Amino acid sequence: MNDTNTHTPHAPEAGAKPGAGAHDRRWLGLFAILSAMIMNLLDATVVNIAAPSIRQDLGGSETSLQWIAASYPLAMAVGLLTGGRLGDMFGRRRVLMTGVLGFVASSVACALAWSPGGLTGARVVQGLFAAIMVPQAFGLIREMFPPREIGKAFGALGPVIGLSTILGPVVAGALVDADVLGTGWRMVFLINVPIGAFTLIAGAKALPGGSGQRGLRLDVTGALVAGAGVFLLVYPLVQGRELGWPVWLLAVAAGAVVALGTFAVQQRRRTRSGGTPLVELSVLGRRSYTSGVAFVIVFFGSIVGFSLAIGLFLQMGLGMSPVRASLTMVSWAVGAFFGSAFSAMKAGLGRRILHLGLALMAVGLAGIYLVFERAGTGVGGWDLAAPLVVYGLGMGMIFVPLFGIIMGEVRDHEVGSASGLLEAFQQLGGSLGVAGLGTVFFSAAGSAPAVADFVSGAQHVTLLALALTLAAIPLGFLLPRHAREQGATEAAPNEAPASGTAPRGGTAAERTPEPARV
């Protein structure tokens, strides 16, 4: 996904002083983009709290709950690469607005679901429209803001991502327990209607237009092969426990390796033949970026899977109501808020803030495990409050600088592709976390669990989340020391853009190659 149509007649040139109206429209446009991101992030996590209520209403097995939770990020991961390319082809505002419309409509379909299978199907459609909507954010922000302000705009993304990820379960619990007009759990999806309406109205007024790039073609074959590889990777993890881990599931997992390898070969051939690939493979040649991809998979897999398991434990194990369970997790959100604020103030620490955050997350998880070990079946919400604050504090520190640091060595002609691919791996990490940690939780709890069995399941998940957190520490050392400096542009000296890309516009100073700070 090339971020190549980022300078349009609507975008102010670097250094220009737009009028007050244009300035206001830029920030209104940013709020529209952030509201679209919030819808995506809320729907990636609301099921963690709403799941028991959904099962009570619709029925279904434990595996069906995992599919309802995992289907959204899985579908989004499958569609993200294609979604980003559609923005290049048809214009980012047009594609974003189309994605928002489809997202709201599929959210209503989720609210009207009559069975676990129907809800899972609607969640898949929702995830595909999110994959169309989300990749446009980075390019639109680059269009709207000149270099001197773009850092502030991107700086707003970290706290939004962090707080929305954690507040999703809190909002879900409040909505389920409020039972507005008898809607119960269905309101966690209907809340997207007013948010989406704001996005559409503000976006129509403030987002820059653009017709996209002529001559680009969608790599349908690459999209299908990549989607098949991702599905074959996640399916055995979600379905394996219920099926008893038959041998054929190992063949499915092996098929994922073959499919993803085929995708890489196909993309290389398409690039060499002068076609437009879904992914700029040159970005995968950068150690810092590939290490960042691994970091994102481990980090998001850990926190999303752990969030699901804790939400299920509080309600199914301890018998808490949705709102009480969400209030128990407020301490996590509070920690994330202060962690994000601290990280924003200490941006100069670079990747050191990541290691500080991981250390605090590990301390918090160790504290949660000790609470389970000491309190056993008598564990309560207040027992978990302090370690959840510490865990959230560390997590919040990581959200703000993470994506800027990972993109530290990425050149301008690779930014679009690298951003979309990173978002896809984030969603894939979330899917793997739900599948893997959810399987561990239910396997440890057993088929007819008592409270002690749920405590055991929560302990197993906490240990696994701790192991994943510790595994992220060495990956962090492979990342650039600092986020990408504004002004480190296009290609390094003697480095030409890959086939199918076009250099960004802008002033001569903006186009001057400058090494990224590492």
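Q: What makes five residues in the lining of the largest cavity nonpolar, and how many are polar or charged?
A: The lining has five nonpolar, five polar and no charged residues. Ala, Val, Leu, Ile, Met, Phe, Trp, Tyr, Cys and Pro count as nonpolar, Asp, Glu, Lys and Arg as charged, and the others, Gly among them, as polar. This is a predicted model, where local features need pLDDT of at least 70, side-chain atom pairs count only at pLDDT 80 or more, and totals for chains, interfaces and linings use all residues. Residues are numbered from 1 along each chain as its sequence is written, and side-chain values use heavy atoms, with hydrogens and water left out.

Q: Which residues lie nearest the centre of the largest cavity?
A: Ala44, Phe300, Val304, Gln426 and Gln427 do, out of ten lining residues. On a 1 Å grid over the protein atoms alone, a cavity is a set of points where a 1.4 Å probe fits but cannot get out, and lining residues have an atom within 4 Å of a point.

Q: Why is Leu181 called exposed?
A: Exposed means over 50% relative accessible area (1.4 Å probe, protein chains only). Leu181 has 84% relative accessibility, so Leu181 counts as exposed. Leu181 also has a positive phi of about 55°, although it is not a glycine.

Q: Which residues is Phe299 in contact with, leaving aside neighbours within four places in sequence?
A: Contact means heavy atoms within 4.5 Å. Phe299 is in contact with Met361, Met395, Ile398, Phe399 and Leu402. Phe299 is also one of the residues with the most contacts inside the largest nonpolar core, which has 93 residues. Such a core is a set of buried (under 20% relative accessible area) Ala, Val, Leu, Ile, Met, Phe, Trp, Tyr and Cys residues joined through side-chain atoms within 4.5 Å.

Notes. 1 Å grid on protein atoms, 1.4 Å probe; cavity = no way out; pocket = protein on both sides within 12 Å on 5 of 7 lines; lining within 4 Å.
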